[in-house]
Amino acid sequence: MEVLVIYTSPNYDGLTAACSAAAVEGARAAGAEVEEVRLNDLAVGMCEACGHGWGTCQQQHRCQVLDGFQDLHIKTCAADALILVTPVYWGEMSESAKAFT
């Protein structure tokens, strides 16, 4: 089983990073192959709603904005499981998590 762990904190040593490390450790202990991605290290922008919100993403399932999302999308589709670890700011996920989702 291939597991992709994506964590979305600007901090390398905070609680979100610790939660991500625990998820990685748990998945590996269960026998999974795990890749951990720190989303804030990638250049993933916000959706630009191309074509009035119906750009290439609807028909071709790919974003026409070329940034770090394309490679991450491929990894996400190839994974058997996805773990998204995000801090909560004012009751919402982080901005980088919003951009990814």
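Biologist: Why is Glu92 called partly exposed?

Modeller: Glu92 has 42% relative accessibility; buried means under 20% relative accessible area, exposed over 50%, and partly exposed in between (1.4 Å probe, protein chains only), so Glu92 counts as partly exposed. This is a predicted model, in which local features need pLDDT of at least 70 and side-chain atom pairs count only at pLDDT 80 or more, while totals for chains, interfaces and linings use all residues. Residues are numbered from 1 along each chain as its sequence is written, and side-chain values use heavy atoms, with hydrogens and water left out.

Biologist: What makes the contact of Lys98 with Glu92 a salt bridge?

Modeller: A salt bridge is a side-chain nitrogen of Lys or Arg within 4 Å of a carboxyl oxygen of Asp or Glu. The N to O distance for Lys98 and Glu92 is 2.4 Å, so the pair meets the definition.

Biologist: Why are Glu95 and Lys98 separated by about one helical turn?

Modeller: Because they are three residues apart in helix α5; a helix here is a DSSP run of H or I with at least four residues, numbered from the N terminus.

Biologist: Why is Arg38 called buried?

Modeller: Its relative accessible area is 10%, so Arg38 counts as buried. Arg38 forms a salt bridge with Asp41, the closest N and O atoms being 2.4 Å apart. Asp41, at 47% relative accessibility, is partly exposed.

Note on methods
Helices (H or I, at least four residues) and strands (E, at least two) are DSSP runs, numbered from the N terminus.
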